[in-house]
Amino acid sequence: MPLTPSLDAGLRHLLTGLALGTFMSTLALSQEARNPARLAVVIGNQDYAEIPDLGNARHDAERMADLLRTEGFTVFDAYDIDRRGFEDLLRTSILNVSDGAEIVFFYAGHGLQIGRRNYLLPVDVAFDSIYDLPVESVTLDRVIEVLSARGEVHVAIIDACRDNPFPDKMMAGNLDASLFETRSGFDAFQTPLNSLVAFSTAPGMVAFDGQGGENSPYTAAILAAVDAYPDDDILSVFARVRENVYKTTKGKQVPWESSTLVQPFRLRKQGVPVPPVLLAAAEPAQEGASSETRTASEPATLPAAVTITATYDRDVPLTAALTRALNLTEALDFAVTTPPSDGTLSVADNGMIYRPRLSERRATTRQIDLSDSFTLTFDLPDGPAPVTVSLDMEVNGCDLAAGDALDPGGVGFYRLPNEIEIAPALAECRAAVSQNPDMPRFRYQLGRAEQAAGLFKASFDSFSAAADAGHIRALNGTARLLITDKIDRAAADIAADPVRAMALYDRGIAAGDPFAMHSKGLHLLRNSDTDQGRQDGFELLDRAAELGHTYSMNELGIYFLTHDTEHFLPERGMRYLRASAARNDIYGYFNLGFVAQNGLTEDGTDLAAAYDWFVKAADGGHPIGPAALGRMIVNGQVPGQGPQQAVAWYDKGLARGDGWGGVNAAALILNGTVQGQTRTSALIRLAKARHLSNTKASETAAALLADQPPKELALATQTLLVELGATMPIDGAIGPMTRRILDRMAQDHGLPPASNDRLSELETAARIYWAERPTRPDLF
């Protein structure tokens with residue numbers, strides 16, 4: 001609901017119930033019609049585990065965080081954070097960036113340059129191996145790129161050029177594993193458009209930390225300059241800072257900046273703060289509702305507390321709900337005297353907005369309620385009237401059923417692909433799209449549910465519609481369906497278009513989406529025929545991995561653990577795989593099991609460890625983890641287990657869409673080594689494997705089926721139809737009843753009828769089976 005037409009008149013007069021200064025000091029609202037959102041990320045790393053501590057980094061960061069909050073920034077700050085903490089803070093910050101935001105990044109702590117790149121050091125940095133760089137440090141230019149991707153203007157302030165804590169160290173940074181020495185100071189680099197990067201000292205030089213308990217000369221100069229000249233643009237501020245630091249350090253330290261700013265930027269929030277006015281007229285009472293209302297001539301009386309309900313979202317509109325709850329009939333000035341604890345309030349042309357501080361959360365249930373509260377103090381003739389507002393919010397079922405990890409347009413709740421429950425996800429997201437047709441996030445999440453259900457054309461259409469409406473992650477979803485080899489394109493009616501896919505990936509990368517970085521990086525690393533192309537792929541994968549994208553960690557780990565290649569570097573590969581497993585990734589578990597089983601490192605083969613890793617992967621939903629366990633048992637690598645246990649694992653893999661699970665289980669049964677299993681059950685497994693995406697498994701299944709007696713095939717067909725719910729005798733004779741049931745089921749699923757031969761009938765029954773129980777090609 002829009003603000004009252006009398007808003008301007010209400011804004012022209014000052015508050016009478018409280019002193020103006022009281023309202024201005026507590027005002028937590030921004031006039032967004034004139035000012036964009038402001039977000040700051042502040043890090044102070046001082047107490048290091050393996051390298052010398054710093055004296056003032058935490059104090060520097062705390063003072064800068066206070067300054068930025070005062071100037072209207074939503075601040076995400078952290079102190080003494082390790083590598084995982086760095087990663088989590090950046091992911092949370094990315095999730096909260098809105099288009100057109102003003103962004104400030106401040107870092108105080110250890111940093112250094114390696115080659116031509118600059119790195120920030122978490123407090124647990126060790127550099128025990130030359131390959132530790134990507135898992136022990138954070139690349140400065142990547143931080144700046146990803147934070148600035150969707151912002152209007154970006155300022156990075158780096159007070160980190162202390163003495164090099166790793167003298168004489170050599171580290172590998174590029175794909176070719178070439179070594180670079182660590183150096184003090186930072187190197188110059190190209191900044192994104194409309195950005196400023198300010199360093200505490202000139203390239204390659206060292207900055208001073210200052211006396212204990214004080215601020216560094218650089219941070220102290222920034223605080224002093226902003227305090228003395230609050231309305232100066234940022235370039236003027238840093239000119240004063242440079243002069244101050246140069247004098248303070250007697251010429252030993254000269255701050256340095258790199259700017260591509262094309263418009264003025266000031267730390268001081270611009271515009272004259274004014275008290276906002278809440279909507280003047282309540283909506284008409286609905287039939288059956290209470291008719292008690294207050295006329296405009298009656299003095300305003302407000303309750304001490306109200307509760308309003310809303311749907312949890314990136315922006316939660318409050319004006320209409322507050323107007324109803326307070327029964328307002330006139331425009332009232334107010335201030336926020338107690339701000340929300342888990343979000344911010346703002347006033348824009350479309351009314352009062354609550355913005356939650358989003359964070360990544362695993363969606364483990366189908367219903368989640370969240371709450372926050374704040375106090376508005378209204379200016380009434382009889383004096384100030386505080387009202388405590390309790391905000392109860394329900395998370396939309398589609399967000400809980402199919403939200404994606406680190407989705408720049410999501411609300412933080414997510415499920416990994418193997419965690420999507422298909423039926424409820426389809427129902428929740430179809431309802432969400434119907435009720436919110438202009439919300440592209442729900443269309444994207446519906447596409448995820450449809451893809452999990454094997455509805456690829458519907459998924460493609462949903463992804464495309466979401467991408468066209470501006471949902472960043474949907475670019476990646478659309479592109480993957482244009483380029484993947486895991487779907488039947490004729491059946492899905494999606495033409496391959498790798499050129500368009502690459503263009504969509506590029507748009508996602510430009511918007512800072514690590515999933516697009518992973519997808520294009522994987523394609524380049526695997527398929528490029530030039531060194532530069534593979535290096536570009538590595539760079540994209542490494543960028544995504546730095547933000548915690550475990551798929552990229554796995555891809556790089558396997559790349560460096562591939563035998564008989566010039567890039568076989570087991571120690572380097574294991575760094576990535578261990579990082580993935582540490583983040584509870586089932587593919588990381590599986591890959592570590594593969595390494596242990598095949599002895600790909602100097603530690604040699606460790607079958608017990610391999611079995612444990614494969615079990616963790618299989619229990620977590622890995623599609624081929626069960627078959628790996630079945631093979632270990634068949635090969636005699638698991639003491640005390642035999643064919644019965646192997647078939648149980650193979651069947652679990654087959655149910656997830658692994659064709660080899662069906663083929664291998666059938667082979668054991670046909671060899672007569674599995675008690676309680678029949679030839680019929682083996683043929684059913686082969687028929688199911690015949691219609692899965694693994695070409696070699698499908699061809700092997702077809703060869704085994706080709707030699708089977710017609711009556712055995714008929715028995716398998718009838719048994720499978722009964723498994724699918726048919727009521728019929730199982731006698732090995734395909735008569736009119738069996739054909740009617742088979743043809744009707746095929747027609748119900750849009751499948752062609754079987755030809756009049758036993759093998760075709762069994763294969764049609766298998767296709768019906770998979771139509772009713774679609775596999776998850778998104779997991780392979």
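Helix 24 (residues 643-655) and helix 25 (residues 659-670) pack with their axes 8 Å apart, at an angle of about 150°. The two helices are therefore roughly antiparallel to each other (an angle over 145 degrees). Helix 24 passes helix 25 in a left-handed crossing. Helices here are DSSP runs (H or I, at least four residues), numbered from the N terminus.

This is a predicted model: local features need pLDDT of at least 70, side-chain atom pairs count only at pLDDT 80 or more, and totals for chains, interfaces and linings use all residues. Residues are numbered from 1 along each chain, and side-chain values use heavy atoms, without hydrogens and water.

The residues that meet (contact: heavy atoms within 4.5 Å) are tabulated below.

| Helix | Residues in the contact |
|---|---|
| Helix 24 | Pro 643, Ala 646, Val 647, Tyr 650, Asp 651, Leu 654 |
| Helix 25 | Gly 661, Gly 662, Asn 664, Ala 665, Leu 668 |

They divide into 7 nonpolar, 3 polar and 1 charged, with Gly counted as polar.

Gly 573 lies in helix 20 (residues 570-582). At 0% relative accessibility, Gly 573 counts as buried (under 20% relative accessible area, 1.4 Å probe, protein chains only). Leaving aside neighbours within four places in sequence, Gly 573 is in contact with Gly 557, Phe 560 and Leu 561. Its C-alpha atom is separated by 7.1 Å from that of Tyr 559, 14 residues apart along the chain.

Notes: Axes are lines fitted to C-alpha atoms, for helices over the stretch in contact, and angles run from 0 to 180 degrees between N-to-C directions. Angles under 35 degrees count as roughly parallel, over 145 as roughly antiparallel, 65 to 115 as roughly perpendicular and the rest as oblique. A crossing is left-handed if the near helix is turned anticlockwise from the far one by less than a right angle, and right-handed if clockwise. Buried means under 20% relative accessible area, exposed over 50%, partly exposed in between (1.4 Å probe, protein chains only).
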